[in-house]
Amino acid sequence: MAKDKTLYTCNACGATSPRWLGKCPGCGAWNSLEETVAEPTAAAGGKNRLGGAFAALAPSAGVRPLAEIEAVDVARTPTGQGELDRVLGGGVVEGQVVLIGGDPGIGKSTLLLQALDALQRAQLPSVEAPPGRPKAAKAPGTGAAGAAAPPGGSAAGEAAERGGMLYVTGEESGAQVALRARRLGITGSQVAVLAEIQLERILATLAQQQPAVAVIDSIQTIYSDQLTSAPGSVAQVRECAAHLTRWAKASGCAVVLVGHVTKDGQLAGPRVLEHMVDTVLYFEGDTHSSFRLIRAIKNRFGAVNEIGVFAMTERGLKGVSNPSAIFLSQHAQPVPGSCVLVTLEGTRPMLVEIQALVDTGGPSPRRLSVGLERDRLAMLLAVLHQHAGVATGDQDVFVNAVGGVRISEPAADLAALLSITSSLRGKALPKGFVAFGEVGLAGEVRPAPRGQERLKEAAKLGFSVAVVPRANAPKKTDKAFEGLSIHAVDRVDEAIALVRGLD
Ligand code: TYD
Ligand code: MG
């Protein structure tokens, strides 16, 4: 196939150059030229002769008043992984493009292979179906995906009807994928595997196979013939993802792109694709612990506040449907510098231990936080100084959310603050202690969303003392809070004094 011409286009102003230049000739930006495939000349000409060239073209027939367009509910196909479905908003949607990002080794390939296999089994009931999953077999999207696929030539007829699952691996050989499947206990799987990294060949296979769901593992290993830059470069990643997205939209095949999050900038990270795809999921968690979280960052087909929780086991990832207590470390006795936070992830409350260590610092004391925002930590220390008279200016302060969870909600403030004061005093908080609440710059403790649910979860798990913002304290007694003594506070100094009183 003849190569299309490539051009270098400025990503700031759109100016083009036939060669790479360090400085854009149009806007003068540095290092902004990226390799792109040149548009066919007709389109390029049209750009400059607005009206002239376009007037001759037939207008698109698709203009209709919004009121006349029927809002069709999207058909979702559950993936067989309850926790994955939860973040997807119920399952995969026809033509959906999902990007799954995460550190290497976190379990992206494992999860997707498990999900593809479950989907394939649900779709082909003739192949021995795993017990306990009857609902996926009659999911509305299951048949529709195949039916909506465009006619792909009679040779692909059977595949088109079935709309099977395709796993494209650019990182491993087919044998390695088979080894992983064996480890996962998957036998007799009908998932189609293609070890290929060239985009054009992948697209040809997709056209021939007409799968219902295709996984590209990973987008950073795929390259297009049309560009000379290396696989994994921004230009290649974008170009390949754009082609695959177009394919998904045209064919109804759901495409899942795997993207490694990279720290050294050698590979283009998944962030460059976020705007292109329908759904962005990030895998997070500490590779040293067995728990993994999947968080939806963007979802055109569902809510973004849900998380899925998995445990990595010897036989792959298993969903954790009741994760509220997994991020607590099991201290026999309360220890200084530890405070349990009730956080809310999507619709589920979770208890996470926040640990703090305050230590004598050097000339420039350090503030480090893992799992919590560092800027927020600096702010909390300032509030602590100004409004509670607790100075940490000459101390190193380290804060950590146990278990590799990342907490972004401000309701973590009060727990972080109380763990810091606990470490500073060298005194543990009482046994069975929980806290939540946002801390404001004026030293006030602000309410957290859905406080009652958080308190109910803490009571359910046997916690006995809670310090919460005044507005979150229940107005009337409820059996659900039994065993939990709830203390309402308005200000940071009040909370600290209250905790001292509990000693
Ligand atoms: P993998 O899915 O290959 O990660 P990614 O595709 O995100 O790079 O996960 C690999 C890790 O998971 C590896 O360290 C081994 C571990 N693992 C298990 O613990 N149990 C299993 O059943 C499998 C298949 C992998
Ligand atoms: Mg992988």
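These legends describe close-up views of a predicted model.

**View 1. The shell around ligand 1.** Ligand 1 is surrounded by 17 residues. The closest are G105, S109, T110, T313 and G316. By type, the shell divides into four nonpolar, seven polar and six charged residues.

**View 2. Elements that supply the shell of ligand 1.** Three elements, α4 (108-123), α8 (174-183) and β13, each give at least two residues to the shell. The largest share comes from α4, with three residues.

**View 3. Polar atoms facing the oxygen atoms of ligand 1.** The side chain of R180 places an N or O atom 2.7 Å from an oxygen atom of ligand 1. The backbone also takes part in this view. A backbone N or O atom of G107 lies 3.0 Å from an oxygen atom of ligand 1. For E314, a polar backbone atom is 3.0 Å from an oxygen atom of the ligand. On its own, ligand 1 has 560 Å² of accessible area, and the protein covers 77% of this.

**View 4. A303 in its loop.** A303 sits in the loop that runs between β12 (291-299) and β13 (307-313). Its relative accessible area is 45%, so A303 counts as partly exposed. That class lies between buried, under 20%, and exposed, over 50%.

**View 5. Neighbours of A303.** Leaving aside residues up to four places away in sequence, A303 touches V87 and A296. R86 is 217 residues from A303 along the chain. The C-alpha atoms of A303 and R86 are separated by 9.3 Å.

Terms used: Residues are numbered from 1 along each chain as its sequence is written. Chains are lettered from A and ligands numbered from 1 in the order in which they are written. This is a predicted model: local features need pLDDT of at least 70, side-chain atom pairs count only at pLDDT 80 or more; totals for chains, interfaces and linings use all residues. Side-chain values use heavy atoms; hydrogens and water are left out. Helices (H or I, at least four residues) and strands (E, at least two) are DSSP runs, numbered from the N terminus. Buried means under 20% relative accessible area, exposed over 50%, partly exposed in between (1.4 Å probe, protein chains only). Contact means heavy atoms within 4.5 Å. A residue is near a molecule or strand if one of its heavy atoms lies within 4 Å of it. A polar contact is a pair of N or O atoms within 3.5 Å; within protein, one must be able to donate a hydrogen and the other to accept it, and residues adjacent in sequence count only if both atoms are side-chain atoms. Accessible areas come from the Shrake-Rupley method with a 1.4 Å probe; for residues, only the protein chains shown count as cover. Ala, Val, Leu, Ile, Met, Phe, Trp, Tyr, Cys and Pro count as nonpolar, Asp, Glu, Lys and Arg as charged, and the others, Gly among them, as polar.
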